[in-house]
Amino acid sequence: RTLQLRAGAAATFNMQRLDMSALTMNAQNDPAFQNFAENFNKNIAVDFNIGIALSSTNFYVGYALQNASQGKLISKEDLFNRQGYFHHVAQVGFRKALSNRLGIVVSGLYRYDPTFLSTTEVQVKTILYNKVWIGMGYRSNMNTIGLIGFRAKQIQIGFAYELPVQHSSSANSGTSEFTVNYKFKTLKNKSNRRAISTKSKILTIW
């Protein structure tokens, strides 16, 4: 009764265009860029994602494939998809209430793709009164991450700031991300109300 096996699928549509007129090049007549301008300046990709997860009250573990057709649903190969589409993604998470005021959430993600090979991300969040969270994260060889957020009834608002590590070649400045989550379904029965009260030792935030 405490375990759930979940599966899902999603169709994806991605359109990208390279505006060569907006580029500033060191060598104006670079033949590689001329090739991009003539042949590789636009991409429309159609693919799908699939995944499965085992979850319980205090943990989850899942596995997913992104762009599961490996680019076979697109008509031609160009600048944006020539390095492959197939991605393996594994996720795991654990949460525990230490008291009726304090809880902790630990989550991790492992991603493999042909371009960047493997990427590992770990996050740790402290939950206060089952309403506010503060946390830190690290993405291997790329970013350190700061997290903060709060919940007010059915709305959750979060903010994350990513700062690239010194030897990262994928970014040269920090990035900010805001998230808003609204739950349409309310918790109606008395047992669920007790679960989200500050007197309970059950966490409801991941």
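Which residue's side chain meets that of Arg139 in a salt bridge? Select Arg139 and Glu121: their side chains meet in a salt bridge at 3.0 Å, N to O (a salt bridge being a side-chain nitrogen of Lys or Arg within 4 Å of a carboxyl oxygen of Asp or Glu).

The model is predicted, so local features need pLDDT of at least 70 and side-chain atom pairs count only at pLDDT 80 or more, while totals for chains, interfaces and linings use all residues. Residues are numbered from 1 along each chain as its sequence is written, and side-chain values use heavy atoms, with hydrogens and water left out.

Glu162 is buried at 18% relative accessible area, and Arg139 is buried at 15% (buried means under 20%, exposed over 50%, partly exposed in between, with a 1.4 Å probe and protein chains only).

Now display the strands (DSSP runs of E, at least two residues, numbered from the N terminus). Ten of them form an open sheet in the order β1-β2-β3-β4-β5-β6-β7-β8-β9-β10, with antiparallel pairing (two strands pair if DSSP finds at least two bridges between them). Strands β1 (4-17) and β10 (175-182) stand at the edges, each with a single partner strand.

Finally, select β1 with β2 (residues 42-55): 14 bridges join these antiparallel strands. Leu54 in β2 is the bridge partner of Leu5.

Notes:
Helix = DSSP H or I, 4+ residues; strand = E, 2+ residues; numbered from the N terminus.
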